[in-house]
Amino acid sequence: MPAPRYHVIVNPIAGTGSAPKFINDHVCSLLERLGLAADVHVTEGVKDAGRIGRDIVLERRETPPADGVTRVIVGGGDGTAHEFIEGVLEATRELGVPLGRWALVTLPLGTANALHSTHFPPDAAATPIPPALAAEVGDVSPEVHQALSSLVLALAGAEPRPLPITLTSLVRADGTVAETIPDHIVLSTALHAAILSDSDALRAEHPGLERYKLAAAANISVFFPADVELVPDSRGVRQYDPRTRAWVAPYSADSEQDGKVRLTGPFTYFLSTTTTPRLEPTFVIAPTLTALPRDEGERTTDIVILRPLRDPAVRKAISEGGDGGAAWAARAKEVLGGAYQAGKHVQFTYAPDGGAVEVAGAGDVVVETFRCAGFTWRPTDDAHAKSHIVCADGSLYDIPAGGEARAHVLGSDPADQASSDSGFWVWG
Ligand SMILES: Nc1ncnc2c1ncn2[C@@H]1O[C@H](COP(=O)(O)OP(=O)(O)OP(=O)(O)O)[C@@H](O)[C@H]1O
């Protein structure tokens, strides 16, 4: 079989703008020393990584890779990978060609680099460079070595790991699909999406990070009116039990029908992730992803949910004539503070008197954590604009009035016609 060929995507404005030099100095030169062919594609504007994805699909249709795997080095951040994956999926759908197998190399050349740092945390030891590669990699600094970790795995012939993609359809009131959005890191509504939306709007006035604090303060006590349905995979919808630290049958749902689990709102937090337990290095929002790893090829997502009316303190405040917002704001800070303690929030249970939360106590669970194939988020008040916001890998979308967002992990629905040998993988 001929030596594998690599596509290299370079986003010159990602992160601090270091991608062109890094790729020239450390990636292209290394591939060349190894005698591997590289096609370099430089992004020329917003969403251009999607155009590059489409071009590679067209090329793959004419000249399929010998081993069926298209290898792509993503020289940018999470947004570059997101746009590229979106372009590939759109093009294969429009052209009616099979998706096939895509394997990505990540480089931490963006700002957040959530995908790369999930697999290669900054404080972890760098991936050892095998002796056969050491001479070609040469003498590099520890930072460069860390940044090359995913590429080293690819070049060393390691098996890449599956990169599950979630597809979200924004459905109009008449049932037609307005738009289908892929994400590979995080999908959210409620507080997380509203904070990103408000912080974007505050960017001109507050260019620094304080805009996130302002946006959080403006949304921490908002109740988001919606109904949710969780979609089972072959094992059904599973819920995390802090007392046994294991997945069990759903126990806090409002109803269940044909394996689908219904949760009525309002909600305050709703976030689904297939990839990363943490949104920032110390903010571990979905610890179950690493504490209870999925089986190979399992097409599920972990969903972290807060519903304020489950809180005895909020119910008490409402029964006394308040709206519960102030009681919830205090609770939300307490709970999300747990995410900064290595994801302890998923262990929290309510104290019967509505006081401080307990850890794996006898009371109701505070955070409802599920593992399932997907979900439907249906806003129940069209006048409540914020409950219509969906955030997919940092990009914001609006659910049409009277409509809903329907999300599922690619391959979990037979209509995807996905085989175990099609989709995305990543070296990590
Ligand atoms: N030549 C270009 N000019 C302007 N914008 C570009 C160009 N090429 C790509 N972009 C845009 O750059 C944006 C940022 O890229 P990316 O998300 O990879 O970097 P980042 O935001 O620094 O990192 P991260 O997403 O990891 O925080 C993308 O939204 C993309 O559309």
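How many residues surround the ligand, and which are the closest? The count is 21, and the closest are Thr43, Gly77, Gly79, Gly110 and Thr111. For this a residue is near a molecule if its C-beta atom, placed from the backbone, lies within 6 Å of it. Keep in mind that this is a predicted model, where local features need pLDDT of at least 70, side-chain atom pairs count only at pLDDT 80 or more, and totals for chains, interfaces and linings use all residues. Residue numbers start from 1 along each chain as its sequence is written.

**Around the ligand**

- Helix 3 (residues 78-95) gives the most to the shell around the ligand, with four residues.
- Sorted by class, that shell holds five nonpolar, eleven polar and five charged residues.
- Here Ala, Val, Leu, Ile, Met, Phe, Trp, Tyr, Cys and Pro count as nonpolar, Asp, Glu, Lys and Arg as charged, and the others, Gly among them, as polar.

**The chain as a whole**

- You'll find twelve helices and 25 strands in the chain; these are DSSP runs numbered from the N terminus, with helices being H or I of at least four residues and strands being E of at least two.
- The radius of gyration is 22 Å, close to the 22 Å that the globule rule gives for 428 residues, so the chain is as compact as a globular protein of that length.
- That radius is taken over C-alpha atoms, and the globule rule is 2.2 Å times the number of residues to the power 0.38.
- Along its principal axes, the C-alpha trace spans about 75 × 45 × 45 Å.
- Take the contacts between residues at least 6 apart in sequence: 72% of them join residues at least 24 apart. A contact needs C-beta atoms, placed from the backbone, within 7 Å.

- Eight strands make an open sheet in the order 11-10-20-17-14-8-22-23, with antiparallel pairing; two strands pair if DSSP finds at least two bridges between them.
- At the edges sit strand 11 (246-248) and strand 23 (395-398), each pairing on one side only.
- Neighbouring strands are turned by 25° against each other on average, direction ignored.
- Those angles run from 0 to 180 degrees between N-to-C directions, using axes fitted to C-alpha atoms (for helices, over the stretch in contact).
- Strand 8 (residues 187-189) pairs with strand 14 (residues 269-273) in the antiparallel sense over three bridges, and Thr189 has Phe270 as its bridge partner in strand 14.
- Helix 8 (residues 190-201) lies across strand 8, strand 14, strand 22 (389-392) and strand 23, and runs at about 85° to strand 22.

**Zooming in on strand 20**

- Is strand 20 (residues 368-372) largely enclosed or left open? Five of its five residues are buried, so strand 20 is largely enclosed by the rest of the structure.
- In a regular strand, side chains alternate between the two faces of the sheet.
- Glu368, Phe370 and Cys372 are buried on one side of strand 20, and Thr369 and Arg371 are buried on the other.
- Strand 10 (residues 238-241) runs antiparallel to strand 20 and is joined to it by two bridges; Arg238 has Arg371 as its bridge partner there.
- Strand 17 (residues 301-306) also runs antiparallel to strand 20, with five bridges joining the two, and Thr301 stands opposite Cys372.

- An open sheet of seven strands has the order 7-6-24-21-9-13-12, and its pairing is antiparallel.
- Its edge strands are strand 7 (177-183) and strand 12 (255-257), each pairing on one side only.
- From one strand to the next, the twist averages 20°.
- Strand 21 (residues 374-379) and strand 24 (residues 404-409) run antiparallel and share four bridges, with Ala407 in strand 24 as the bridge partner of Phe375.

**Two loop residues**

- Gly355 is in the loop between strand 18 (348-349) and strand 19 (358-359), and counts as exposed with 10 C-beta neighbours inside 10 Å.
- Leu309 is in the loop between strand 17 and helix 11 (312-319), and is partly exposed, with 16 other C-beta atoms within 10 Å.
- Leaving aside neighbours within four places in sequence, Leu309 is in contact with Pro266, Val314 and Arg315.

Definitions and conventions
Contact = placed C-beta atoms within 7 Å. Buried ≥ 20, exposed ≤ 12 C-beta atoms within 10 Å, placed from the backbone.
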